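Please look through the structure below together with its sequence, and keep both at hand while reading the briefing that follows.

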Amino acid sequence: MHTYLSDGTPSPFDLVKACLELNLEEISITDHDSIGSYPEVLEVAKNTPLRVIPGSELDCTYGNIEIHMLGLNLDIQNSALNHHLLEIQGARKKRAKEQADAINQFYGKTIVDLEKICSRCQTFMNPHLIHAMIDEGLFDEYHPGDRYKQAQKWMKQNIRVESVIEKPTAETMLRLIHKAGGIGVLAHPGYYIKDGLDVPQMITDLKDMGMDGLEVQYPYFQDSSREFPTLEHERETIQILHELANRYELMETTGSDAHEIQQLFSWHSRS
């Protein structure tokens, strides 16, 4: 789940309250490269039945591709983890400002008001820029389910900035997670299946690096999904991931990947 500290919309307070309303037993809020929600999250959850597992969705690389590793059960006071997150957040903010300026210069007007849309962010991300362009109607000629990818493609072709975010390798990230007392879980691996990657080999490699689990249950089917157009496609993918987790003796986790309160309720109404 994500709050407005990364690319979600709810506050930490509202997200925890929604989890309590759903009578959930255990949660982890996994903002991208951030654990900044946890002082508030832990305070709101105090004296409730809700167990909170501190976590974060952490960018890293596997070969020449970017992957996301969930760090769960993290020590939020760990100095190495906090140092890494501060560095990444600073690099992301610098790049996002350059990208926003380039987009606005391309169109000759303010398309992305970064300070307005990211006023409460710790982690500035491409989705902030892409959604701002979509909200301005720049990709209305495409089907709603295709607009995000078309905007993403347009950015890659047209927006060049000097800032580069140096992301750690998966092996380095897993070491950092373990040193912070956590476990490393590969986020939404079903997308890697759809991308045509050799996922069994990928899992083998990552387990050798110390990976502990797979995010198996996940809402791949959504109204605008092209890769998973039906609920049956989602169920087939989840079954494949469940079998892979068993084969490689990995933990299984469930993620709503909710960026909005309504997504959280929708997921739990059908799972």
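Predicted model: local features only at pLDDT ≥ 70, side-chain atom pairs only at ≥ 80, totals over all residues.

**The sheet and its hairpin**

In the hairpin formed by β3 and β4, where 2 residues lie between the strands, G63 takes a positive phi near 65°.

- On β5 (residues 183–186), β4 has another antiparallel partner, with 4 bridges between the two strands; here G184 is the bridge partner of G71, while I183 in β5 stands opposite L72.
- The strands belong to an open sheet of 5 strands with mixed pairing, whose order is β3-β4-β5-β6-β7.
- Because β3 and β7 (251–254) stand at the edges and have a single partner strand each, one side of each is left without a neighbour in the sheet.
- Direction ignored, neighbouring strands of this sheet are turned by 40° against each other on average.
- Strand β4 (residues 65–72) has 6 of its 8 residues buried, so it is largely enclosed by the rest of the structure.

**The nonpolar cores**

- In soluble globular proteins, nonpolar side chains tend to be buried together.
- The largest nonpolar core in this model has 50 residues, and those that touch the most other members are I67, M69, L186, L206, M211 and L214.
- Helix α7 (residues 170–179) gives the most to this core, contributing 5 residues.
- Leaving aside neighbours within four places in sequence, L206 is in contact with Y62, I67, M69, A170, L174, L186 and M211.
- Another core, of 20 residues, lies apart from the largest one, and its members include C118, I130, A151 and I159.

**The cysteines**

- A disulfide is a covalent bond between the sulfur atoms of two cysteines, and the structure holds 0 disulfides.
- For C19, the closest cysteine sulfur is that of C121, and because the two sulfur atoms are 20 Å apart, they are too far from each other for a bond.
- Is C19 buried or exposed? At 0% relative accessibility, C19 counts as buried, and C60, with 0% relative accessibility, counts as buried too.

**Two loop residues with a positive phi**

- Most residues other than glycine have a negative phi, and for this reason the next two residues deserve a careful look.
- N47 lies in the loop between α2 (38–45) and β2 (51–52), and although N47 is not a glycine, its phi is positive, at about 65°.
- With a relative accessibility of 77%, N47 counts as exposed.
- E249 is found in the loop between α10 (231–247) and β7, and although E249 is not a glycine, its phi is positive, at about 55°.
- With a relative accessibility of 69%, E249 counts as exposed, because exposed means over 50%.

How values were computed:
Residues numbered from 1 in each chain as written. Heavy atoms only, no water. Core = buried A, V, L, I, M, F, W, Y, C linked by side-chain atoms within 4.5 Å. Buried < 20%, exposed > 50% of the residue type's maximum accessible area, 1.4 Å probe, protein only. Contact = heavy atoms within 4.5 Å. Pairing = 2+ DSSP bridges. Disulfide = S-S within 2.5 Å. Axes fitted to C-alpha atoms, helices over the stretch in contact; angles between N-to-C directions.
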